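Trainee: Could we go through this one together? I'd like to start with the overall fold and then look at the charged side chains.

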Amino acid sequence: MTKSFKNSESTTLDPEDWDDLRQQGHRMLDDMLDYLQHIRQRPVWQPAPPETRMVFHAGLPQQPSELNAVHQQFMQSILPYAVGNAHPGFMGWVHGGGTAVGMLAEMLSAGLNANLGGRNQIPVEVERQVTRWMRDLFGFPEGASGLFVTGTSMAHLMAVWVARIKFCGLDVRRDGLPQTAHNLIAYASAATHGSFAKALDLAGLGTMCLRSVPMNGFEVIDLNALDAMIQADRQAGLQAFMIVGNAGTVDAGAIDPLEALAHRATQCGAWFHVDGALGALGMFSPEIAPRLKGIELADSIAFDFHKWGQVPYDAGFVLMRDGALHQHTFASPAAYLRREEDGLASDSPWPCDFGPDLSRGFRALKTWFTLQVYGAEKMGQSIAHTCAVARYLGKLVVDAPDLELLVPVSLNIVCFRYVCADADAVNAAIVVAIQNSGVAVPSTTTIGGKLAIRAAIVNHRTENEDVEILVRAVCDWGKKLGEPNSG
Ligand SMILES: *Cc1c(COP(=O)(O)O)cnc(C)c1O
């Protein structure tokens, strides 16, 4: 029992008895290592019972509790009811699995409690080093810049903000958007993640400026349709503002022809932005990198280390080709942020000059640990392996008479369904039943107007046996819930 924080006269929040805290800390660490080591023995996900939910309706505590008691609450009421993405059976959404290495690095960064807004400190240098690694990985020039952000949603918003300055000028920062901003048009395939439309919305451009470009049967952007839209808009006096290329769509893992999109962006003077949330780190794999050709031509890339990079949440990143424009978009003078040649206020520019946040956490550290401990080659192998498991799942689906593959497996996402009458409703029910059973977590999406069971293989722990479990569960629940082969 820790007595560390109780009945203390002192107002510091440090413990009275560090030995006691140390023992408790070791127990907490052991619990999480046990959790990760034995995760296969747990259900992937389970709904929390009402009495557990009630625990979280208790009011603000006025008096101290034992750290040990709060830890026990975590073990009993929080840990078993998380979303489950650390589990190899989790395939529902594009979520990374995390690693023990990332967890330990996160602990170090929490202990250090560095504020990565800026100043003369090596943690900022760590973020700059990861930025240079990414600049090199994506073949960006010397002057490129980058920043850790929460996720690709924020990275999209940053790209739109910077592109907006390029098209409307720096005066936007003082005057707001000019009338001419209403002529700016962005183009993205209909399969593009909703966070890009939201970025246009939040940047004040509005979602009306987004053209949703049709796709071919592989969920890849239709270039002819894109060309026709750009031409029609030009004739109507509108201006091409941004072209988005997907390095892995959220529904099907489809890769748009990035090089062709880059050339179109150059021709019509648009900003070329890549949504690499799920796929950009495929650059680590010699097998996948050639398929992303053209990504090196982007003006900006948004991607997530917390997906294929397996870094614990959250760790998004934005890479910008034009570092000066990036800085001009965000840098703001303030007396309390004065820069010096020497001392702690030196080493300008600072990360806060490249984004909306002043105070920032040390997301770079868990990423830096991950990339150092595993190395780029092993990261690439782990990424390629998720694609191999997805291909295996695709083959199981094709070989199963009751199942239908809805789009060819391009990367690490498989969309399929149980064939039966009233298939949309039955497949939605199959997915809920499997989630509730705890043996696997798939999700649903819509492909070509059909409700699909979607399995995104993002977690490095997921193996062939895990997708075999999923296929068996889909067939079993399909037999129970649907009428096979009649639809
Ligand atoms: C996950 C995802 C996003 C959103 O990224 P967040 O990190 O969740 O903000 C955007 N695009 C694609 C393709 C994604 O998979």
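Trainee: How many helices and strands does the protein have?

Mentor: There are 14 helices and eleven strands. Keep in mind that this is a predicted model.

Trainee: And what are the spans along the principal axes?

Mentor: The C-alpha trace covers about 75 × 70 × 45 Å.

Trainee: What radius of gyration would a compact globule with 487 residues have, and what does the protein have?

Mentor: A compact globule with 487 residues would come out near 23 Å, and the protein has 25 Å, so the two agree.

Trainee: What share of the residues is buried?

Mentor: Buried residues account for 51% of the 487.

Trainee: Now the charges. How many salt bridges are there?

Mentor: The count is 25. One of them joins the side chains of arginine 40 and glutamate 465, at 3.8 Å from N to O.

Trainee: Which parts does that pair tie together?

Mentor: Arginine 40 sits in the loop between α1 and α2 (50-55), while glutamate 465 belongs to helix α14 (residues 464-481), so the bridge ties together parts 425 residues apart in sequence.

Trainee: Which residue does aspartate 175 bridge to?

Mentor: Its partner is arginine 174, with the closest N and O atoms 2.9 Å apart. Arginine 174 counts as exposed, at 64% relative accessibility.

Trainee: What about glutamate 340, what does its side chain meet?

Mentor: It meets the side chain of arginine 338 in a salt bridge, 2.9 Å from N to O. Glutamate 340 is partly exposed at 34%, and arginine 338 is exposed, with a relative accessible area of 56%.

Trainee: Which residues are linked in a network of salt bridges?

Mentor: Glu125, Arg128, Arg132 and Asp347 form such a network.

Trainee: Switching to the surface: which residues gather in the patch of negative charge?

Mentor: That patch consists of Glu9, Glu16, Asp17 and Asp19.

Trainee: Where does glutamate 9 lie, and is it buried or exposed?

Mentor: Glutamate 9 is in the segment before α1 (18-37). Its relative accessibility is 78%, so it counts as exposed.

Terms used: Residues are numbered from 1 along each chain as its sequence is written. This is a predicted model: local features need pLDDT of at least 70, side-chain atom pairs count only at pLDDT 80 or more; totals for chains, interfaces and linings use all residues. Side-chain values use heavy atoms; hydrogens and water are left out. Patches are made of residues with over 30% relative accessible area and no salt bridge: like charges are joined within 9 Å, nonpolar side chains (Val, Leu, Ile, Met, Phe, Trp, Tyr) within 5 Å. Accessible areas come from the Shrake-Rupley method with a 1.4 Å probe; for residues, only the protein chains shown count as cover. A salt bridge is a side-chain nitrogen of Lys or Arg within 4 Å of a carboxyl oxygen of Asp or Glu. Lys and Arg count as positive and Asp and Glu as negative; His and the chain ends are not counted. The place of a charge is taken as NZ of Lys, CZ of Arg, CG of Asp or CD of Glu. Helices (H or I, at least four residues) and strands (E, at least two) are DSSP runs, numbered from the N terminus. Buried means under 20% relative accessible area, exposed over 50%, partly exposed in between (1.4 Å probe, protein chains only). The radius of gyration is taken over C-alpha atoms; the globule rule is 2.2 Å times the number of residues to the power 0.38.
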